[in-house]
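Please find below a colleague's note on the structure shown here. It is set out as numbered points.

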Amino acid sequence: QSCLVLILVILVTLMMVEIGNLKGTARVINYAGLVRGATQRAVKLEIADMPNEDVVEHVDEVLASLIDREDQRPLKSRETREFEDALFRIEDEWGLIKQEFAEPSPSEERLLALSEEHFRLADTTVFLAQRRAESDFLWIAAVGSLLICGASLFVSLLERHHRLKLRKALVTDPLTGGRNQFSFEEEAQR
């Protein structure tokens, strides 16, 4: 029973950690969407000759946060690597947009083209983050199911072992180790 309690405590702990990871994944999806929208806003402000430094700084911070978070992931699934690649492409495209901002008279057409490409990449990145979240959830569900099945099997085997032990105690004489009177009576009835 103490083994079962230990297994259940481990199971609950693992599930809580994974639920926390899912919340983190939701934040990643949200941040990827923020990068998409904030970049569009920065471009619109630049085209309108309005200050956009705060928005540019915000995009830089969010992108850096996303990339740092991905670097810290201990396990890199195929979905995670695809998401990281998309983030690096977004970072490169964002660098091109910022270079255009630094020009003395930025080209509106070039800014719009870069902005559209960035938006497309950001859209793809949000989709990849969502796909990774779904993949992570399936992995969590599979591991949780396996742990629950394993715990159930362990409990069944433990219960069977205890039943056999009780049965043996019921039909065995403790002093002689041979069959007791109950065992003979049961045999006679059969």
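Predicted model: local features only at pLDDT ≥ 70, side-chain atom pairs only at ≥ 80, totals over all residues.

1. The protein has five helices and zero strands, and the order along the sequence is α-α-α-α-α.

2. Overall dimensions. The radius of gyration of the protein is 31 Å, whereas a compact globule of 190 residues would have a value near 16 Å. Along the principal axes, the C-alpha atoms occupy a box of roughly 105 × 25 × 20 Å.

3. Burial and contact range. Of the 190 residues in the protein, 28% are buried. When contacts between residues at least 6 apart in sequence are considered, 67% of them link residues at least 24 apart.

4. Geometry of α2 and α3. Two packed helices are described by the angle between their axes and the distance between the axes. For helix α2 (residues 53-71) and helix α3 (residues 78-102), the axes come within 11 Å and the crossing angle is roughly 155°. An angle over 145 degrees counts as roughly antiparallel, and α2 and α3 are therefore roughly antiparallel to each other. Their crossing is left-handed.

5. Residues between α2 and α3. On the α2 side, the contact is formed by Val56, Val59, Asp60, Leu63, Leu66, Ile67, Glu70 and Asp71. These meet Thr80, Phe83, Glu84, Leu87, Phe88, Ile90, Glu91, Trp94, Lys98 and Phe101 in α3. By class, the contact of α2 with α3 comprises eleven nonpolar, one polar and six charged residues.

6. Geometry of α3 and α4. The axes of α3 and α4 lie 9 Å apart, and the packing angle is about 160°. That angle makes α3 roughly antiparallel to α4. The crossing of α3 and α4 is left-handed. The residues of this contact divide into 14 nonpolar, five polar and ten charged.

7. Geometry of α4 and α5. How are α4 and α5 oriented relative to each other? Helix α4 (residues 108-171) and helix α5 (residues 181-189) pack with their axes 6 Å apart, at an angle of about 95°. Angles of 65 to 115 degrees count as roughly perpendicular, so α4 is roughly perpendicular to α5. In this contact, Arg167, Leu170 and Val171 of α4 meet Phe182, Ser183 and Glu186 of α5. The contact of α4 with α5 has three nonpolar, one polar and two charged residues.

8. Thr176. This residue is found in the loop between α4 and α5. Is Thr176 buried or exposed? Its relative accessibility is 65%, and exposed means over 50%, so Thr176 counts as exposed. Thr176 and Arg160 are separated by 16 residues in sequence and by 25 Å in space, C-alpha to C-alpha.

9. Asp49. Which backbone angle of Asp49 deserves attention? Most residues other than glycine have a negative phi. In Asp49, however, phi is near 55°, which is a positive value in a residue other than glycine. Asp49 lies in the loop between α1 (2-47) and α2. With a relative accessibility of 73%, Asp49 counts as exposed.

Terms used: Residues numbered from 1 in each chain as written. Heavy atoms only, no water. Axes fitted to C-alpha atoms, helices over the stretch in contact; angles between N-to-C directions. Helix = DSSP H or I, 4+ residues; strand = E, 2+ residues; numbered from the N terminus. Parallel < 35°, antiparallel > 145°, perpendicular 65-115°, else oblique. Left-handed = near helix turned anticlockwise from the far one by under 90°. Contact = heavy atoms within 4.5 Å. Nonpolar A, V, L, I, M, F, W, Y, C, P; charged D, E, K, R; others polar. Rg over C-alpha atoms; globule rule 2.2 N^0.38 Å. Buried < 20%, exposed > 50% of the residue type's maximum accessible area, 1.4 Å probe, protein only.
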